[in-house]
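Dear colleague,

I am passing on the structure we spoke about, and below it you will find a short account of what came out of going through it. Please read it alongside the coordinates.

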Amino acid sequence: MAYSASTQTDISIPAIPLGDILPWAIFGGLLLMLAIYFVGAEQGAVAVFKGMYVHEFVHDGRHLLGFPCH
Amino acid sequence: MTGRLLVRGMLVGLIAGLLAFGFAKIFGEPQIDSAIAFEESMSHSHSHGDAEEEEPELVSREVQSTFGLLTGVVAYSASLGGIFALVFAFSLGRIGNVGPRGLSALLALSAFVVLFLVPGMVYPANPPSVGDPDTIGKRTQLFFLMLLVSVAAAVIAISAGRKFIASSGLWNGAIKGVALYLVIVSIAGFLFPTFNEAPDGFSALLLWKFRVAAVGIQVVMWTALGLIFGAVAERLLLANKPYNA
C-alpha cells in the first residue's frame with residue numbers, strides 16, 4: 001500500500017458537520033429531484049400539468065436517458 | 001461549505017450535460033430518427049383509424065432533437081450534479097480515505113452503476129415505437145421501483161461493507177460489500193416482471209445501437225462529472241481548511 005500513502009499527503013480533509021449538510025440536502029435535494037421528475041416522467045404515466053408539451057419537448061432526452069416514455 | 005459544493009456540483013453537472021448532449025446528438029439522434037421512421041411506416045401500412053395519423057405536432061422534430069434534447073440532458077445532468085455534490089459532502093471524511101478527487105471518481109462510478117447501469121439491465125432504454133402505450137403506467141412504476149431497490153441495496157451494501165472492511169481488511173471487505181449489492185439487485189431483477197414490447201420487424205441492430213448510445217451518454221456524463229468535480233472540490237476544500245461554512 002505504498003502508493004496510497006502518496007495520494008493522501010496533505011489531503012487529510014475533515015468531515016463536514018451534518019448540521020451544515022442537512023438544510024441543503026433537504027431543500028436542494030428536493031428541488032433537484034423535482035427537476036429530474038420533469039425531465040423523466042412528467043406527462044407520461046403521471047402529470048402535474050395538463051397537456052403533452054413538457055413530454056414532447058424533452059421527448060428525445062427522455063428516451064436517450066433511459067426513462068420509460070410512452 | 002455544503003452550499004459552495006452544491007453550486008459547484010450543479011455547474012460541473014451543466015458542463016457534463018453539455019458534453020453528454022454532444023454525444024447524444026451524434027450517436028443517439030440518428031437512432032431516434034430511424035425509430036420514428038419505422039413507427040411512421042408501420043402506422044401507414046396498418047392505417048388503423050385516421051385520427052391518429054393526422055395528429056398535429058405539438059413540438060417539431062427539429063426542436064425535439066436540438067433545444068428539447070439539450071434542455072432535457074442538461075437539466076438532468078445539472079440536477080444529478082447537485083445531488084452528487086450533496087452525497088460527496090456527506091461522504092467526505094466519512095467513507096473511504098482516498099482524498100477528494102479519489103472520492104469524487106469513486107462516487108461517480110458508483111452512481112453510474114447504481115442509478116443507471118443496474119436499473120437499465122432490468123428496464124433498458126427504449127427508442128420510440130418500442131413499448132406499448134397501455135403499459136406505460138406499470139413500466140414507469142417498476143422502473144422507479146427498480147431504481148429505488150438499487151439505491152437501497154447500495155446503502156445497505158455500503159454500511160455492511162464498512163463492517164466487512166473492519167473485520168476482513170480493505171480488499172476482501174470491499175469485495176464482500178460489492179457482492180452483497182450484486183446479490184440483492186440480481187434477486188430483484190430476477191423477480192421483477194419483464195416487458196417484451198418491441199414490435200415485429202423492429203431492427204435488432206437499431207435497438208442495440210440506441211441502447212449503446214444511451215449507455216454512452218451516461219458514461220460521458222458521469223466521467224466528466226466525477227473527474228471535473230473532484231478537481232474543483234479539492235481546490236475549494238484545500239483552500240478553506242478548516243471549514244467555516
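A residue is taken as buried if 20 or more other C-beta atoms lie within 10 Å of its own, with C-beta atoms placed from the backbone. By that criterion, 37% of the 70 residues of chain A count as buried. Please keep in mind that this is a predicted model, with an ipTM of 0.90 and a pTM of 0.90.

Chain A has four helices and zero strands, so that its pattern along the sequence reads α-α-α-α.

The largest nonpolar core holds 73 residues, among which F84(B), F88(B), I217(B) and L225(B) touch the most other members. At least two residues of this core come from each of α2 (18-40) and α3 (53-57) of chain A and from each of α1 (2-46), α2 (61-91), α3 (99-122), α4 (136-168), α5 (170-191) and α6 (204-239) of chain B. The largest share, 14 residues, is supplied by α6(B), and both domain 1 (1-47 + 59-130 + 201-245) and domain 2 (132-197) of chain B contribute at least three residues each. Leaving aside residues up to four places away in sequence, I217(B) touches L64(A) and L65(A) in chain A, together with A20(B), F23(B), A24(B) and G28(B).

As to confidence, chain B averages a pLDDT of 92, and 94% of its residues score at least 70; among its elements, the mean runs from 93 for α1(B), the lowest, to 97 for α5(B), the highest. Over residues 49-53 of chain B, however, pLDDT stays under 50, and the model has two contacts beyond four places in sequence for them. Where pLDDT is low, predicted coordinates should not be read in detail.

With best regards

Definitions and conventions:
Residues numbered from 1 in each chain as written. Chains lettered and ligands numbered in written order. Predicted model: local features only at pLDDT ≥ 70, side-chain atom pairs only at ≥ 80, totals over all residues. Core = buried A, V, L, I, M, F, W, Y, C linked by C-beta atoms within 7 Å. Buried ≥ 20, exposed ≤ 12 C-beta atoms within 10 Å, placed from the backbone. Domains from an automatic or database assignment. Contact = placed C-beta atoms within 7 Å. pLDDT = per-residue confidence, 0-100.
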